[in-house]
Amino acid sequence: MKDMEAELGLAFKALADPTRRLLLDQLRHHDGQTLTELCGKISMARQSITQHLDILAAAHLITVVRRGRERLHFLNPTPIHAIGERWISAYEVPRLETLSAIKHRAEDSAMTNSSTPIPTYVYVTYIRASAEEVWNALTDADLTAQYWGHANISDWQPGSPWEHRRVDGSDRADVTGQVLSVDPPNELVITFEDSDEPREHGSSVVHFNIEPHEGIVRLTVRHENLPNLDMRNGIARGWPAVLANLKSLLETGSVLPTAPWNMPERELS
């Protein structure tokens, strides 16, 4: 409880500053921006914006992902959601959830009918394991079959194909792609194709970043160049479920007792 109070305190402190709220608004409109991009939209010294971003990161309101020499900043709504859960949802859940659902459907429709790019999806989890164990879990066919229900098949060399192959005896590949970059046990980059039809803007791309620190690993999955909102909504449900199963396997030796992706979506009251 004390840890939660401390985290909420950091979030309230970070949100109290109008510049930091403006930075969050900028990321809400266009997630995954660099420092240079954010500086171009706010009239303030680069060093001052960096300090504001550091405070937002410390409050877990944003997630920072490295891409080469660049640092990409992604909005993390979890602390704001926690604030809502504590002070709002207990009183107004049914009405607010209904209004929120209407708003999101309207926004999704607007985005689908415009040329606005689909936002990159980013998910971060922390696992009690070594970097080598996490890398092995991502690339070993037998392990992926355990926590994903599919075997990831490849020699994991740059330029090689890979397949996300069923283990039900059909040997069917539901997802295919190409290995773009390999840096074991730190980073793996692959294309991700769940359709045989060519896409106008090319394949979607998945980055796995593995960062070890004192007995744990921070695993960041970044899925970008998504073709439409349907795919983004699908992976937003799929990646957390798959990575929860991976985390359980590495930390306990067993996957979750029920496949998490089979859990029904919560219905609005």
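Modeller: A polar contact is a pair of N or O atoms within 3.5 Å; within protein, one must be able to donate a hydrogen and the other to accept it, and residues adjacent in sequence count only if both atoms are side-chain atoms. The model above is predicted, with local features needing pLDDT of at least 70 and side-chain atom pairs pLDDT 80 or more, whereas totals for chains, interfaces and linings use all residues. Residues are numbered from 1 along each chain as its sequence is written, and side-chain values use heavy atoms, leaving out hydrogens and water.

Colleague: With which side chain does the side chain of Glu193 make a polar contact?

Modeller: The partner is the side chain of Ser203, at 2.4 Å. Glu193 sits in the loop between strand E7 (187–192) and strand E8 (204–213), where helices (H or I, at least four residues) and strands (E, at least two) are DSSP runs numbered from the N terminus.

Colleague: Is Glu193 buried or exposed?

Modeller: Buried means under 20% relative accessible area, exposed over 50%, and partly exposed in between, using a 1.4 Å probe and protein chains only. Glu193 has 14%, and is therefore buried.

Colleague: Which residues touch the most other members of the largest nonpolar core?

Modeller: In soluble globular proteins, nonpolar side chains tend to be buried together. A nonpolar core is a set of buried Ala, Val, Leu, Ile, Met, Phe, Trp, Tyr and Cys residues joined through side-chain atoms within 4.5 Å. Here the largest has 33 residues, and Phe208, Leu219 and Trp239 touch the most other members. Helix H8 gives the most to this core, with eight residues. Leaving aside neighbours within four places in sequence, Trp239 is in contact (heavy atoms within 4.5 Å) with residues including Tyr121, Trp148 and Phe208. A second, separate core of 18 residues includes Leu15, Leu23, Ile49 and Leu53.

Colleague: At what angle do the axes of helix H2 and helix H4 cross?

Modeller: Two packed helices are described by the angle between their axes and the distance between the axes. Axes are lines fitted to C-alpha atoms, for helices over the stretch in contact, with angles from 0 to 180 degrees between N-to-C directions. The axes of H2 (residues 18–29) and H4 (residues 46–58) come within 10 Å and cross at roughly 80°. That makes H2 roughly perpendicular to H4, since angles under 35 degrees count as roughly parallel, over 145 as roughly antiparallel, 65 to 115 as roughly perpendicular and the rest as oblique. Among the residues that meet are Leu23 and Leu24 in H2, and Ile49 and Leu53 in H4.
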